[in-house]
Amino acid sequence: MKFIHMADMHFDAPFVTLAGKGNLATERRLEQRNVMKQIVEYIKQNNIPYLFIAGDLYEQEYIKKATIEYINNLFKEIPNTKIFITPGNHDPILKKSYYNNFNWNKNVYIFNSEIQKYEFEECDIYGFGFTDFYCNNSKIEEIKIENKNKLNILIMHGDLN
């Protein structure tokens, strides 16, 4: 099975540590867009069927609609790739978030606060998304693998203690 896994892009982050250093923050944001475009080009060239984005695709406080449109337009270039996004602590799935209030391309699947499962011939994909800037209970212990003879993938954002 072929897939691309990525996380922590933090689109539209203010990059405060780069403030006062010329145009470095702006350059960094342009680099992010370029990297995302390169990932999509790689997916196209290699017929990658799955893209997993495990949290913090963007910065909720700073994200611009134009950036979301840019990302979604890239996703439209890979219509045969299933894109799974698990919102993280910097881009939780809030009522006002673009995860809820944007018309994402039909190949984009966004996980919410409940453990969800998508079934495909070659694998089952499970996921969970943050609904706040801090996660108290991921409910990961509630996951029930139904078919242990199949490849099972869990996509989520966080760290293990």
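Colleague: Leaving aside its neighbours within four places in sequence, which residues is W104 in contact with?

Modeller: Bear in mind that this is a predicted model. With the neighbours within four places in sequence left out, W104 is in contact with I68, I71, N72, F75, Y98, Y99 and I110.

Colleague: Which residues have the most contacts inside the largest nonpolar core?

Modeller: W104 is one of them, along with M36, I53, L57, F75 and I85. That core has 28 residues.

Colleague: Which elements give two or more residues to this core?

Modeller: On the strand side, β1, β2, β3 and β4. On the helix side, α1 and α2, the latter being residues 65-76.

Colleague: What lies apart from it?

Modeller: Another core, of 10 residues. Y50, A54, F84 and C123 are among them.

Colleague: Back to α2. Which of its residues are buried?

Modeller: T67, I68, I71, N72, L74 and F75 are buried in α2. They sit on the same side of the helix, because they cover an arc of only 155° around the axis.

Colleague: Why would residues spaced like that point the same way?

Modeller: An α-helix has 3.6 residues a turn, so residues three or four places apart point the same way.

Colleague: And what covers the buried residues of α2?

Modeller: The cover includes α1, β2, β3 and β4.

Colleague: How far does α2 reach from its first C-alpha to its last?

Modeller: 16 Å, for 12 residues. That is close to the 16 Å expected at 1.5 Å a residue.

Colleague: New topic, the sheet. What is the strand order?

Modeller: It is an open sheet of four strands, ordered β1-β2-β3-β4, with parallel pairing. β1 (3-6) and β4 (108-110) are at the edges with a single partner strand each, so one side of each has no neighbour in the sheet. On average, neighbouring strands are turned by 15° against each other, direction ignored.

Colleague: How many bridges join β1 to β2?

Modeller: Four, and the two strands run parallel. H5 stands opposite F52 of β2.

Colleague: Where does helix α1 pack?

Modeller: α1 (residues 24-46) packs on the sheet and touches β1 and β2 (50-53). Its direction makes about 165° with that of β1.

Colleague: Which α1 residues are buried?

Modeller: A25, Q32, M36, I39, V40 and I43. The buried residues of α1 pack against β1, β2 and α2.

Colleague: What follows α1?

Modeller: N47, with a positive phi near 50°.

Colleague: And how far does α1 reach?

Modeller: 32 Å from first C-alpha to last, over 23 residues.

Colleague: Last one. What does L24 count as, at 37% relative accessibility?

Modeller: Partly exposed, because 37% falls between the 20% and 50% cut-offs. L24 is in helix α1. From C-alpha to C-alpha, L24 and N149 are 49 Å apart in space, and they are 125 residues apart in sequence.

Key
Residues numbered from 1 in each chain as written. Predicted model: local features only at pLDDT ≥ 70, side-chain atom pairs only at ≥ 80, totals over all residues. Heavy atoms only, no water. Pairing = 2+ DSSP bridges. Axes fitted to C-alpha atoms, helices over the stretch in contact; angles between N-to-C directions. Contact = heavy atoms within 4.5 Å. Core = buried A, V, L, I, M, F, W, Y, C linked by side-chain atoms within 4.5 Å. Buried < 20%, exposed > 50% of the residue type's maximum accessible area, 1.4 Å probe, protein only. Expected span 1.5 Å × (residues − 1). Arc of directions from axis to C-beta.
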